[in-house]
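Good morning, and thank you for the time on today's agenda.

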Amino acid sequence: MTPKEEAGMTAAGSWDLIIVGAGTTGMPCAIAAAEAGARVCVLEKDSEIGGTLHLSAGQMSGAGSRRQIEKQIDDSPDAHFDEVMQLGHRKNDPVLVRLAVDEAPVTLDWLDDLGFPFPDDMPIVYYGHEPYSKARTSWGAEMGVSILKTIKPVFEQAVADGNVELFLDHRLVGFTVEAGAVTGVRAHSPRGSVEFRASATVLATGGYASSPQLWAELHPGMDCLLGARHTSTGDGLLAAREIGAAMRGADLFLPTHGCIPDAGEEGRTDVWEAFGNLIPQYRPPREIVVNVRGERFQAEDEPSADARERALVEQGGRAWIVLDEAAIDDESPVVVGWSADMLRAEATRARRAWRADSLAELARAAGIDAARLERTVQVYNAAVRSGNDPVGRTQFGAELTTVPYYAIAMVAGTVVGFAGLTVDGQLRVLDEGGRPIANLYAAGEVLGCGALMGNSYAGGMSVTPALSFGRLLGRRLAAAHREGEAALAR
């Protein structure tokens, strides 16, 4: 905030609770707080509510929900806790994980009561990332939008009833602090700089995986396709850091495997527009995957998603899917979202896919070592004939011999950030000395995915805790405000 901006600040008013962000955390937080009688102010930097729910896969997980019980799935929050910690290589925060798994079935039942369209076959065991041993993962047909469509009417009714005041196009730029305690926030709006005051503030501003500058600062040397929603620019992290908040988790980042690079409108990437169909539990591979040296670095039917993700990191986050004309299949495409004709068209464009009548020509076009690629394909074809693969693959298609040959670029990618604010078990933001910053709380991706998932991906441990912690903070902070008012009245 510049002196000029501060001098032109307009006071908007005072509330019991300010929530910065109207997305996965902010909306449930506002709903819960308003239902508990609090006067709530919600600031949203975008022109619409929903945040990353517009983009998210919307995967949720929980043990002990009504749906699990109805399907006679023997599960418990204790079992969920143990697996999340194991999947995260025990680098996740056990206090937050415990809180999340205990609240998860309550949150899933709440969505069920609101009419969330759970598909009949869910929950399931999902193999896109390292799977749970139990069927505890669910999502809607429209992914994150299914969650948004369920929560949005309830949130909008709270706004219509006057229990929540919503301010769109208001971007957080800082906090007001008195005697070491946060007393409100400063925001930039179309009409200028505005100050909002409250007895408590919840940061629900999301992550930073749409900010190349902040990404480079937190992950130096880690080249990655950033496909997050345009609002995920780390505003909450930056504002909290300015008043001494501690951060953690940058070292825990792990990319998603299978991202196909492309820049859409305004240079942005839609990660769901094209995605490598490389999960062997769902589609036996007919292709090989090579690094820049033209060498295979892992069995293409490696069952562990965690192993596939780490192998990609070891290759500098870059690889190429190589196949021939005979391996193209409309019924089971190598790239989700691409028909056979679309793959051929992309290869003709020669931007993220290429085609050629020889492996050497293909390698030169794609930027791969030509001689080694030729040798790699020769060895692979021999492995198909013998059934004995040097890198351990056991599911073979046909030999790669039918021209033309194709190569598709694949890169490390993410729609989330692993670094975030440090909080305690009450979701209070902590400073560098481990002390709570008075009146400041945080939940959702602003905590960083590493806090709950550790150094891996644990299904549903981003969206579900965001929903749960928002509701939990809404209830707790509304109750604390009532108790404070009662104490003053005595």
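Which residues do ring pairs link into a cluster? In this predicted model, the cluster consists of Tyr208, Trp215, Phe253, Phe418 and Tyr457. The structure holds twelve aromatic pairs. Consider the rings of Phe253 and Phe418: their centres are 5.7 Å apart and their planes stand at 90°, so this pair is edge-to-face. The two residues come from distant parts of the chain, 165 residues apart. Phe253 sits in the loop between S10 and strand S11 (256-259), and Phe418 in the loop between strand S17 (405-414) and S18. Both Phe253 and Phe418 are buried.

Just after H8, Gly244 adopts a positive phi of about 95°.

Is Thr464 buried or exposed? Its relative accessible area is 2%, and a residue under 20% counts as buried, so Thr464 is buried. Once its neighbours within four places in sequence are left aside, Thr464 is in contact with Gln59, Met60, Ser61 and Ala104.

Let me now step back to the whole protein. It has 14 helices and 20 strands. How does the radius of gyration bear on its overall form? For 490 residues, a compact globule would have a value near 23 Å; the protein has 24 Å, which agrees. Along the principal axes, the C-alpha atoms fill a box of roughly 85 × 60 × 40 Å. Of the 490 residues, 58% are buried. Where contacts join residues at least 6 apart in sequence, 72% of them are between residues at least 24 apart.

Finally, the surface and the charges. The protein exposes about 19,600 Å², of which carbon and sulfur atoms supply 50%. There are 45 positive and 66 negative side chains, and the centres of these two sets lie 2 Å apart.

Key
Residues are numbered from 1 along each chain as its sequence is written. This is a predicted model: local features need pLDDT of at least 70, side-chain atom pairs count only at pLDDT 80 or more; totals for chains, interfaces and linings use all residues. Side-chain values use heavy atoms; hydrogens and water are left out. Helices (H or I, at least four residues) and strands (E, at least two) are DSSP runs, numbered from the N terminus. The radius of gyration is taken over C-alpha atoms; the globule rule is 2.2 Å times the number of residues to the power 0.38. Buried means under 20% relative accessible area, exposed over 50%, partly exposed in between (1.4 Å probe, protein chains only). Contact means heavy atoms within 4.5 Å. Accessible areas come from the Shrake-Rupley method with a 1.4 Å probe; for residues, only the protein chains shown count as cover. Lys and Arg count as positive and Asp and Glu as negative; His and the chain ends are not counted. The place of a charge is taken as NZ of Lys, CZ of Arg, CG of Asp or CD of Glu. Rings of Phe, Tyr and Trp (its six-membered ring) pair if their centres lie within 6.5 Å; planes under 30 degrees apart count as stacked, over 60 as edge-to-face and the rest as tilted.
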